[in-house]
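User: Could you walk me through how to read burial and packing around a helix? I'd like the general idea before the particular case.

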Amino acid sequence: MPEELLTHSAEETIAWGRGFAARLKAPLMILLSGDLGSGKTTLTKGIVSGLGAAPEEDVTSPTFTLLHVYGTENSAQKVFHGDLYRIEKFHDFETLGMEDLFSKPAIVILEWSERFPLPSPWPQIKIRLEHAGGDARRITVTS
Ligand SMILES: Nc1ncnc2c1ncn2[C@@H]1O[C@H](COP(=O)(O)OP(=O)(O)OP(=O)(O)O)[C@@H](O)[C@H]1O
Ligand SMILES: [Mg+2]
């Protein structure tokens, strides 16, 4: 059963993400989808800070850098934050060395994950963000 909620500010989305993080255990893929500005990066701030991998202000959009890594090398909660917006297909993903992120159990959060399917043996949680008028966002979680 999908879980659905509505937030009314960026702060509320971040706070929900922090709480949601308590339910997560590596290895895991979190596949984020939703339009531009729907809140994927904002939600990731909450999840990454909730996991204790980085403070929320250090979590920024990987649109141009494609991949950010939070947490220390030995950290159980190493978090990869990627963005497929500028990547055409899985082959490009491999070319960028991103497939390395599956070498050790981690939590992988991907924006624009609907662009193409990623072969991964890890459990996946899908989170869809939608504009719901003004600052409201509908968040739908499917495991
Ligand atoms: N309820 C809300 N939840 C999340 N963000 C909100 C909310 N209300 C307003 N915002 C604002 O909407 C914007 C969301 O931007 P964000 O970068 O998180 O979106 P995105 O989905 O990652 O976009 P992109 O596809 O460009 O990567 C931010 O400026 C944020 O402050
Ligand atoms: Mg983003």
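Analyst: Happy to! A residue is buried if 20 or more other C-beta atoms, placed from the backbone, lie within 10 Å of its own. Helices are DSSP runs of H or I with at least four residues, strands are runs of E with at least two, and both are numbered from the N terminus. This is a predicted model, where local features need pLDDT of at least 70, side-chain atom pairs count only at pLDDT 80 or more, and totals for chains, interfaces and linings use all residues. Residues are numbered from 1 along each chain as its sequence is written, with chains lettered from A and ligands numbered from 1 in the order in which they are written.

User: Why is helix α2 described as largely enclosed?

Analyst: Ten of the eleven residues in α2 (residues 40–50) are buried, so the rest of the structure largely encloses this helix. Among the buried ones are Leu43, Ile47 and Val48.

User: At what angle do α1 and α2 pack?

Analyst: Axes are lines fitted to C-alpha atoms over the stretch in contact, and angles run from 0 to 180 degrees between N-to-C directions. Here α1 and α2 pack at about 35°, their axes 7 Å apart. Contact requires C-beta atoms, placed from the backbone, within 7 Å; the residues involved include Ala10 and Trp16 of α1 and Leu43 and Ile47 of α2.

User: Which residues come nearest to ligand 1?

Analyst: Being near means a C-beta atom, placed from the backbone, within 6 Å of the molecule. Of the 19 residues around ligand 1, the nearest are Ala10, Thr13, Gly39, Thr41 and Thr42. Both α1 and α2 supply at least two residues each to this shell.

Technical notes
Buried ≥ 20, exposed ≤ 12 C-beta atoms within 10 Å, placed from the backbone. Contact = placed C-beta atoms within 7 Å.
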